[in-house]
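These are my notebook entries on one chain.

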Amino acid sequence: MNKRISRLRRAQKTRAKIAGKSAVRLCVFRSNSHIYAQIISADSSSVLAHASTVESDVKLKLANGGNISAAKLVGERIASKAKELGIKKVSFDRSGFQYHGRVKALADAARDGGLEF
């Protein structure tokens, strides 16, 4: 079993637990170059809000999309977009990634922005 399959198995377990709660989830994906965040509804599995380092106005503020400062900026943006939609409480779906580094920075910034996990 390689690293990718192990990560996907961990992600599948987390998503099954969140589905049992029927809660709105904050899903995070990170690549070497960028980080992405989505708020996904519990009932229809549709994306309600998204933020990433690929967005043009975020790219202008950053020199590199794959570092902790970029993750903090994405966390702040997703929290502000969630506030606009009236979403306060979410379940954090880290997609099988370890909770440190960029994933932790995004989560902390989203909490500081007003989201409750």
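**Strands**

I began with a facing pair: Gln38 stands opposite His50 in strand 3. I am working from a predicted model, in which local features need pLDDT of at least 70 and side-chain atom pairs count only at pLDDT 80 or more, while totals for chains, interfaces and linings use all residues. Residues are numbered from 1 along each chain as its sequence is written, and side-chain values use heavy atoms, with hydrogens and water left out.

For helices (H or I, at least four residues) and strands (E, at least two) I took the DSSP runs, numbered from the N terminus. I count two strands as paired if DSSP finds at least two bridges between them.

Strand 2 pairs with strand 3 in the antiparallel sense, over five bridges. The two form a hairpin with six residues between them, and Ser45 in the turn has a positive phi of about 55°.

Next I looked at strand 1 (residues 25–30). It runs antiparallel to strand 2 (residues 35–40), and six bridges join them. Here Arg30 stands opposite Ile35. The hairpin that joins strand 1 to strand 2 goes through four residues.

Strand 1 also pairs with strand 4 (residues 91–93), in the parallel sense and over three bridges. In this pairing I found Leu26 opposite Phe92.

**Helix 3**

I checked the length of helix 3 (residues 68–85). The expected span is 1.5 Å times one less than the number of residues. For 18 residues the span should be 26 Å, and the end C-alpha atoms are 26 Å apart, which agrees.

I then listed its buried residues, buried meaning under 20% relative accessible area, exposed over 50% and partly exposed in between (1.4 Å probe, protein chains only). Among them are Leu73, Val74, Arg77 and Ile78. What covers the buried residues includes strand 1, strand 2, strand 3 (47–52), helix 2 (56–61) and helix 4 (102–112). After helix 3 comes Gly86, with a positive phi near 85°.

**Aromatic rings**

How many aromatic pairs does a search of the whole structure find? It finds four. I pair rings of Phe, Tyr and Trp (its six-membered ring) if their centres lie within 6.5 Å; planes under 30 degrees apart count as stacked, over 60 as edge-to-face and the rest as tilted.

Phe29 and Phe97 make an edge-to-face pair, 5.8 Å centre to centre with 65° between the planes. Phe29 lies in strand 1 and Phe97 in the loop between strand 4 and helix 4, so the pair ties together parts 68 residues apart in sequence. Phe29 is partly exposed at 38% relative accessible area, whereas Phe97 is buried at 7%.

I noted a second pair, Phe92 and Phe117: the ring centres are 5.1 Å apart and the planes at 10°, so this pair is stacked. Phe92 is in strand 4 and Phe117 in the segment after helix 4, 25 residues apart. Phe92 is buried at 17%, and Phe117 is partly exposed at 30%.

I also recorded one aromatic cluster formed by Phe29, Tyr36 and Phe97.

**Arg7**

Last, I looked up Arg7, which is in helix 1 (residues 3–21). Which side chain of opposite charge is nearest to Arg7? It is Asp93, 7.9 Å away. Lys and Arg count as positive and Asp and Glu as negative; His and the chain ends are not counted. Arg7 is buried yet has no salt bridge (a side-chain nitrogen of Lys or Arg within 4 Å of a carboxyl oxygen of Asp or Glu).

Leaving aside neighbours within four places in sequence, I found Arg7 in contact (heavy atoms within 4.5 Å) with Phe29, Ser95, Gly96 and Phe97.
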